[in-house]
2 protein chains.
Amino acid sequence: MPKLAATPCPPYYTVIFSSQRSEGDAGYGAMADRMVELASQQPGFLGVESARGSDGFGITVSYWTSTDAIAQWKANLEHLAAKDLGRTTWYTHYELRVAKVERAYGNANTTENGATP
Amino acid sequence: MPKLAATPCPPYYTVIFSSQRSEGDAGYGAMADRMVELASQQPGFLGVESARGSDGFGITVSYWTSTDAIAQWKANLEHLAAKDLGRTTWYTHYELRVAKVERAYGNANTTENGATP
């Protein structure tokens with residue numbers, strides 16, 4: 001999967017998940033891969049971008065067509081189980097923000113999003 | 001500066017900057033520190049979060065009170081100069097998205113944002 005998501009013209013929605021990992025893997029790597037696979041099969045999924053530094057702080061940004069699509073992903077049972085383990089085991093701190101993307105530009109998706117600054 | 005931004009109750013605005021770094025530093029580290037310092041002095045700045053992996057892919061999310069505050073930051077001359085160097089030197093690919101945060105929750109800023117899922 002390319003690192004930068006090829007998103008369409010705005011508007012669309014995003015979930016920004018910022019988190020501080022606890023020490024040790026405890027199944028985290030396998031879960032993270034599985035969640036990307038699962039999310040990408042959900043209706044309304046547009047893409048995902050993720051980065052985590054050596055200090056354990058990471059940001060994952062997923063993109064969705066609508067808040068309904070986000071609500072469906074949130075209700076996915078396997079995702080719910082992963083979130084429980086996230087709260088109890090994998091993250092010491094996290095914050096999740098749902099936002100509506102209104103403008104987008106860059107040098108990666110120019111053809112796709114067609115938006116200007 | 002804490003890794004997670006202590007943002008207020010939504011709504012507020014965010015700039016999601018996703019980028020792939022080119023090889024070598026070429027002054028990047030010093031500029032990145034300076035841009036955080038400069039942004040935090042701007043009117044309407046609420047906070048910033050940033051993560052970059054060993055593969056050079058990174059996400060920086062800054063938070064702002066309004067789109068006017070974002071426009072002012074965008075027009076800052078020192079920021080403009082840094083963006084020019086970003087385009088020509090520091091990043092092979094990047095994408096910038098401006099979004100309106102509508103909901104937020106987590107275990108880090110509970111007191112501050114007071115929002116529920």
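**View 1. An open sheet of eight strands spans chains A and B.** The strand order is β2(A)-β3(A)-β1(A)-β4(A)-β4(B)-β1(B)-β3(B)-β2(B), and the pairing is antiparallel. Strands are DSSP runs of E with at least two residues, helices are runs of H or I with at least four, and both are numbered from the N terminus. Two strands pair if DSSP finds at least two bridges between them. β2 (45–52) of chain A and β2 of chain B stand at the edges; each has a single partner strand, so one side of each lacks a neighbour in the sheet. On average, neighbouring strands are turned by 25° against each other, direction ignored. This is a predicted model: local features need pLDDT of at least 70, side-chain atom pairs count only at pLDDT 80 or more, and totals for chains, interfaces and linings use all residues. Residues are numbered from 1 along each chain as its sequence is written, while chains are lettered from A and ligands numbered from 1 in the order in which they are written.

**View 2. β2(A) pairs with β3(A).** The two strands run antiparallel, joined by seven bridges. β3 of chain A covers residues 57–64. Here S50(A) has T60(A) as its bridge partner.

**View 3. β4(A) meets β4(B).** β4 of chain A covers residues 91–106. It pairs with β4(B) in the antiparallel sense, over 11 bridges. R97(B) in β4(B) stands opposite A104(A).

**View 4. Chain B touches chain A.** The contact involves 32 residues of chain B and 32 of chain A. Residues are in contact if their C-beta atoms, placed from the backbone, lie within 7 Å. On the chain B side, β1 (12–21), β2 (45–52), β3 (57–64) and β4 (91–106) each give two or more residues. β4(B) gives the largest share, 14 residues. By class, this side has 14 nonpolar, 10 polar and eight charged residues.

**View 5. Chain B superposes on chain A.** The rotation is 180°, with 0.0 Å of shift along its axis and an RMSD of 0.0 Å.

Definitions and conventions:
Contact = placed C-beta atoms within 7 Å. Nonpolar A, V, L, I, M, F, W, Y, C, P; charged D, E, K, R; others polar. Axes fitted to C-alpha atoms, helices over the stretch in contact; angles between N-to-C directions. Least-squares fit on C-alpha atoms with pLDDT ≥ 70 in both.
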